[in-house]
Amino acid sequence: MVLLHVLFEHAAGYALFAVKEVEEIGMLLPQVEQSVLNIGKFNNMVSLAAFFPFKSAQAALENMNAVSEGVVHADLKLFLETNLPISTKKKAALGVSDAKIGAALQEEFNLSIQTGGVVAEISRGIRLHFHSLVKGLTGLAASKAQLGLGHSYSRAKVKFNVNRADNMIIQSIALLDQLDKDINTFSMRVREWYGYHFPELIKIVSDNSMYCRLARLIGNRKELTEESLEGLEEVVMDAAKARTILDASRSSMGMDISPIDLINIERFSDRVVSLAGYRLELQEYLRSKMSQVAPNLAALIGEVVGARLISHAGSLTNLAKYPASTVQILGAEKALFRYWGTPSLLGKPVATVMAGLGWSRAGALKTRGNTPKYGLIFHSTFIGRAGAKNKGRISRYLANKCTIASRIDCFSELPTSVFGDKLREQVEERLSFYETGAMPRKNVDVMKEAVQEATDVAAEIKRKLDKKEKKRRKREKLQQQANGDTNGDAEVCMDAGDTPVVKKKKKKQAEEAVQAEEAPVAEETPGKKKKKRKSEVEEVQVEEAPVTDNGAEDTPAKKKKKRKNDATEAAEEAAEAPVSEKRKKKKKGD
């Protein structure tokens, strides 16, 4: 008899269910499907053997990531080792819903793993009645756990998407193509609209952006004078063409136009010019992005064509996986399907079908034409420069080099354009070989040179990064020191602000002491007072001398304080002197 347990992964934790009467259930599969909806019948089929709740949302996310990748997490391993009964008498079998994690568990525990059939229906029932089968778990808590884990899992997948850098390129090239169409349409509208007033300008100026700028500048053609010639020369960059426009405006056959119509034409022309300016900025952004993500592909075939290849493939990783034969005709699906017929795998991506999967040969050679020799790579300059008989050869060679460049860009750590430059040189040599017969260099020699240059460039980039890091650390250290100095200055200022209060208190104490001791001091003779004052002045001078030698460390306020302290000490000595004399006289009298 087989002892079957079913492992169920929930947002709240891992659960292990024991299935009763496995053989009978296996025989009655339709009955199993019907009893899944009834919780009473389903409880007679399965029972909860063990439940392991996740400690936190982070632990739940880590476990779900491991399960989705087919990796046995440490928590799952401990849970199964503890609760899965492995007996020698009965054969133990474990049912899982995902075959990927099932293969990993079979390798880890050497168990019999079941994935389909009855296990799938039982898993469906457990998913439906999970909150009723686990004690202490409510339906609201289970739904909250599922919602929180779903958000965390999706957020982590989006955050760690390997194609997130490619997405910017895909969106940029799509917007660039759309802008080209829109600018062309709007420019034709300006030509038609302004052509009623100045029809001769269409034949003189063929560029759409330049025509819109001229329409905005000229406005009413009757107002053009010799003074407007400089402005026309700045736009058309040609003095003869500017003179031609001026002469044509004087003898134009166009109709007169009202001011309100002219204002609308000028505003629309301004919009078209601003769109053309934004297109240039977007192209510069795409160029910088390609130099970061796919520098070798951009150096080989150009930024725009390389971006179109990445966009058509879906990502740089997908493009790196394609063979050269697929890259060669990428973008020519319609022509290829006219030749081969309709692919049978309708749900598959076009590029996957083109790679050789699932052709329907019923419509093969339907048109009896030639297969397409190139797709998107036709827009590169190499195929246009090749002769008619060599276009297929150079497209095949160029697709091969594009595949190499995309793989280097996808799997290299430091983005450098060294390999792209070398591959471009090889394509140039192959072109000259087709035209003149000059033998190109061997691929091995070129790649050796490229590897050597790439290592040098990588070392230089690493050195620059280390230098920037040292500068950043030094700057942070200086900022910390500056912050410390400012804090010290602030403390000194606070101390300086607190000192006047202390001085006032000391002044009051000194005054009180002087007032209390004025009576005994008054009894002394003037001669004695003068002598004492002279001695006090001498002591103050002696004390002031080291202060001046120390570099004027003490402030004048401190000097005054010392003098006052000396004055109080002298007053105390003067008060003690007559008391001692009276005691001596009493002793003598006794």
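Which side chain meets that of Glu-460 in a salt bridge? The legends below, drawn from a predicted model, begin with this pair.

**View 1. Salt bridge between Glu-460 and Arg-463.** The side chain that meets Glu-460 is that of Arg-463, at 2.5 Å from N to O. Both residues belong to helix H25, where they stand three residues apart, about one turn of the helix. Glu-460 is partly exposed, with a relative accessible area of 33%, and Arg-463 also counts as partly exposed, at 44%.

**View 2. Salt bridge between Glu-476 and Arg-472.** The closest N and O atoms of this pair are 2.6 Å apart. Glu-476 and Arg-472 are separated by about one helical turn because they lie four residues apart in helix H25. Glu-476 counts as partly exposed at 36% relative accessibility; for Arg-472, likewise partly exposed, the relative accessible area is 34%.

**View 3. Positive surface patch containing Lys-468.** Lys-464, Lys-467, Lys-468, Lys-471 and Arg-475 form this patch. Lys-468 is located in helix H25, which spans residues 443–516. With a relative accessibility of 60%, Lys-468 counts as exposed, so it passes the cut-off of over 50%.

**View 4. Salt bridge between Arg-189 and Glu-192.** Here the side chains meet at 3.3 Å, N to O. Both residues lie in helix H10 (residues 164–195), three residues apart, or about one turn of the helix. Arg-189 is partly exposed, at a relative accessible area of 45%, and Glu-192 is partly exposed at 45%.

**View 5. A network of salt bridges.** The linked residues are Lys-422, Glu-425, Glu-429, Arg-441, Glu-449 and Glu-453. Across the whole structure, a search finds 20 salt bridges.

Note on methods:
Residues are numbered from 1 along each chain as its sequence is written. This is a predicted model: local features need pLDDT of at least 70, side-chain atom pairs count only at pLDDT 80 or more; totals for chains, interfaces and linings use all residues. Side-chain values use heavy atoms; hydrogens and water are left out. Patches are made of residues with over 30% relative accessible area and no salt bridge: like charges are joined within 9 Å, nonpolar side chains (Val, Leu, Ile, Met, Phe, Trp, Tyr) within 5 Å. Accessible areas come from the Shrake-Rupley method with a 1.4 Å probe; for residues, only the protein chains shown count as cover. A salt bridge is a side-chain nitrogen of Lys or Arg within 4 Å of a carboxyl oxygen of Asp or Glu. Lys and Arg count as positive and Asp and Glu as negative; His and the chain ends are not counted. The place of a charge is taken as NZ of Lys, CZ of Arg, CG of Asp or CD of Glu. Helices (H or I, at least four residues) and strands (E, at least two) are DSSP runs, numbered from the N terminus. Buried means under 20% relative accessible area, exposed over 50%, partly exposed in between (1.4 Å probe, protein chains only).
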